Amino acid sequence: VRGWWASALQALWPHFPYLRGSTLGSDLYFATFTVQLLGFLYYLVFYKQIAGSQSGLLSDLQNNLLPGSLVLTQLGLFLLITVDRILYVTRSLKVKLVVHLSISVLFLVAFYGTILFPSWSAQKMPSYVESAQGPLLGLFAVYLAYLTLSAAQVRCGFPLVTKDRLTDKYSEVRFYTYQGFRMIPFVFEMRCLLDWAFTPTSLKFWYWLTLEDIHHELLQTRANLEDSKTWNRALGEPFPLWPKFYCGVCGFVGVMVVLFFPLLYYSSFSPMMEPNAVNATSVSLAFSSTSPLFTAHLSLSTAQIQAQLANSAVVQQQLVQTRSATMGASPLSNTLNNIQILELSSYSLTTWSPSPPALAALERLLQGNASGSG
């Protein structure tokens, strides 16, 4: 066995030149991080199909209760992104090789267990396996791309000097990607904390943040220089109308939409507002400590509700006029559209059959009330 391992290592050793310090390495971190982020979001979106959950993510958020398996899986994927960042900063290729082999074994076990040999899962949960095949294949495809990039990184080695691929050069894609990255809450700060913690440096953390701000300002300066070259304006020449329109006017309209669209959406003008008509009601009339004297129940179909709402305007107006004539000004006139007329049956659905003691108690109660009022 020892001879087999020795021959295997001798055969593999030439394919890892960076382990022997004979190459400058290659920087594949940005592509790897992009694929990892895609996998993180993919699992979050397709969790219901992958895990066979009965409820979706939106309903779980509305109920303020997230599945524990979703949280633990997302935590594991995030820790994998964190470990890859630490290995990239420290350029620990041997540890990277161990992590890559471990993730590859887990990937093969999950792939063979759920895709190639799903018989056990089909016996346990047949509907789950059928609905999860597509999303699982997509998830495996994403992490197969991650393992491919990870293997290429192990094969080529880490670069001797790491740098930020979004700020070292200028392009519109890099610029707007970096701006979006800076807008995500806490992500930029967490990356700075990791980089400072695992980079040999004499800077304080606040000086490290200052260094990151310098890179940010250099990128902004490159963007401003490229913008000046694009418009090629003479000194003192007014700015053209087109950029003023799409940047100034459209930007102002966008801020207005952000401010007032939620207010309009949750106002009475919202297109989501629908009449919340009563479709069933029950009435019960009883004296104290007696069985009900009168019970009535009314159920309306959708067609009956629509016809009632269409024909009840006159009855509603008469109700408001009658109330105003007898009780003066009524607030009902302000809520006329919210009034719904329901006509119950004039007879009870059940008969009243009190026991003799209950009837005697009711007679004493009524006689006492009558003598008290007299």
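1. The side chains of Lys96 and Asp84 form a salt bridge, with an N to O distance of 2.9 Å; the term denotes a side-chain nitrogen of Lys or Arg within 4 Å of a carboxyl oxygen of Asp or Glu. The pair links distant parts of the chain, with Lys96 in helix H6 and Asp84 in helix H5, 12 residues apart. Helices (H or I, at least four residues) are DSSP runs, numbered from the N terminus. Across the whole structure, the search finds six salt bridges. Side chains of opposite charge can pair when their charged atoms come close.

2. The model is predicted: local features need pLDDT of at least 70, side-chain atom pairs count only at pLDDT 80 or more, and totals for chains, interfaces and linings use all residues. Residues are numbered from 1 along each chain as its sequence is written, and side-chain values use heavy atoms, with hydrogens and water left out.

3. Lys96 and Asp84 also belong to the lining of the largest cavity, together with Leu28, Tyr29, Thr32, Tyr88, Gln153 and Phe158. On a 1 Å grid over the protein atoms alone, a cavity is a set of points where a 1.4 Å probe fits but cannot get out, a pocket is an open set with protein on both sides within 12 Å along at least five of seven lines, and lining residues have an atom within 4 Å of a point. Volume here is the space filled by probe spheres set on the points, which are joined across faces, edges and corners. H2 and H5 each supply at least two residues of this lining.

4. Of its 37 lining residues, Tyr29, Arg85, Phe181, Arg191 and Asp195 are the closest to its centre. Two or more residues come from each of H2 (29–45), H5 (68–90), H9, H10 and H11 (205–231). The lining divides into 19 nonpolar, eight polar and 10 charged residues, where Ala, Val, Leu, Ile, Met, Phe, Trp, Tyr, Cys and Pro count as nonpolar, Asp, Glu, Lys and Arg as charged, and the others, Gly among them, as polar.

5. The second largest pocket has a volume of about 570 Å³. Leu77, Ala110, Leu139, Phe140 and Tyr143 are the closest to its centre among the 21 residues that line it. The largest share of the lining, seven residues, is from H8. By class, the lining has 17 nonpolar, four polar and no charged residues.

6. In H9 (residues 172–183), Tyr178, Phe181 and Arg182 meet Val187, Phe188 and Arg191 of H10, contact being heavy atoms within 4.5 Å. By class, this contact has four nonpolar, no polar and two charged residues.
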